[in-house]
Amino acid sequence: MNDFGARFALYWPALLDGALTTLWLCLAGMLLGFVLGVLIYLLGNSRSRGCVAFARVYVSFFRGTPMLAQLLLLFYLPAGLGLDVPALVAAGLALAMNTAPTSRRFCAAVSPPSRPGNWKPRRCSASAAGACCCISSCRRCCA
C-alpha cells in the first residue's frame, strides 16, 4: 500500500466521526434555528413594543456580529460564569441563534402581512419587451 492509502486507512475513523458530528450539528442548528426564527418572527409581529424591540435587537445583534465572535461568546462566557457547557452544545446553540434571523426573514417572506396597513402595492414598471409587470392593483399598466 502506498503512503496515502495507509494514512487514509489510519485516519478514516476520525474523519468519519468528524463528518457525522458536523452533519449532526448542522441539522440540529438548522432545526432549532428555524424554530427560534419563527418565535422571533412572531415576537416581531406582536402588538407589544417590548417584544418588537427585543426581536429587532436580537436580529441586529446576531446579523451584525461575526459567527466566530458568537461561538467564542457562547463557549467562554458560561465557563467564566462557572457553568459547564459542553462544546457541542455551545456550538449547536451558536449555530441555531445565528440561523434564527435568516429563518425569520424566510417566515416574513412567505407569510401574509399581519396588519392590513403593512401592505403597500408595488409600482408597475415596463419590462424590456414592452409588457407591463402588474403585481398590484395599478390600473395604468394592465391593458
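Analyst: Happy to. The protein chain has four helices and two strands, where helices (H or I, at least four residues) and strands (E, at least two) are DSSP runs, numbered from the N terminus. Reading from the N terminus, the order of elements is α-α-α-α-β-β. Please keep in mind that this is a predicted model: local features need pLDDT of at least 70, side-chain atom pairs count only at pLDDT 80 or more, and totals for chains, interfaces and linings use all residues. Residues are numbered from 1 along each chain as its sequence is written, and side-chain values use heavy atoms, with hydrogens and water left out.

Let us look at helix α2, which covers residues 49-64. The expected span of a helix is 1.5 Å times one less than its number of residues. For the 16 residues of α2 that gives 22 Å, and the end C-alpha atoms are 22 Å apart, so the two agree.

Now to its two sides. V52, A55, Y58, V59 and F62 of α2 are buried, meaning under 20% relative accessible area, while exposed means over 50% and partly exposed is in between (1.4 Å probe, protein chains only).

What does the buried side meet? The buried residues of α2 pack against α1 (3-44), α3 (67-80) and α4 (87-110). Take A55 as an example: leaving out residues up to four places away in sequence, A55 touches I40, L43 and G44, where contact means heavy atoms within 4.5 Å.

A55 also belongs to the largest nonpolar core, whose six residues are I40, A55, Y58, V59, F62 and A100. Such a core is a set of buried Ala, Val, Leu, Ile, Met, Phe, Trp, Tyr and Cys residues joined through side-chain atoms within 4.5 Å. Helix α2 gives the largest share of this core, four residues.

In α4 lies S103, which counts as buried because its relative accessibility is 8%. Residues up to four places away in sequence aside, S103 touches G33, F34 and G37. In the loop between α3 and α4 you will find V85, which is partly exposed because its relative accessibility is 27%. Beyond its neighbours within four places in sequence, V85 is in contact with P78 and A90.

Helix α1 holds both D3 and R7, four residues apart, about one turn of the helix. D3 forms a salt bridge with R7, with the closest N and O atoms 3.4 Å apart; the term stands for a side-chain nitrogen of Lys or Arg within 4 Å of a carboxyl oxygen of Asp or Glu. By this rule the count comes to one salt bridge. D3 counts as exposed because its relative accessibility is 53%.

Among contacts between residues at least 6 apart in sequence, 54% join residues at least 24 apart.
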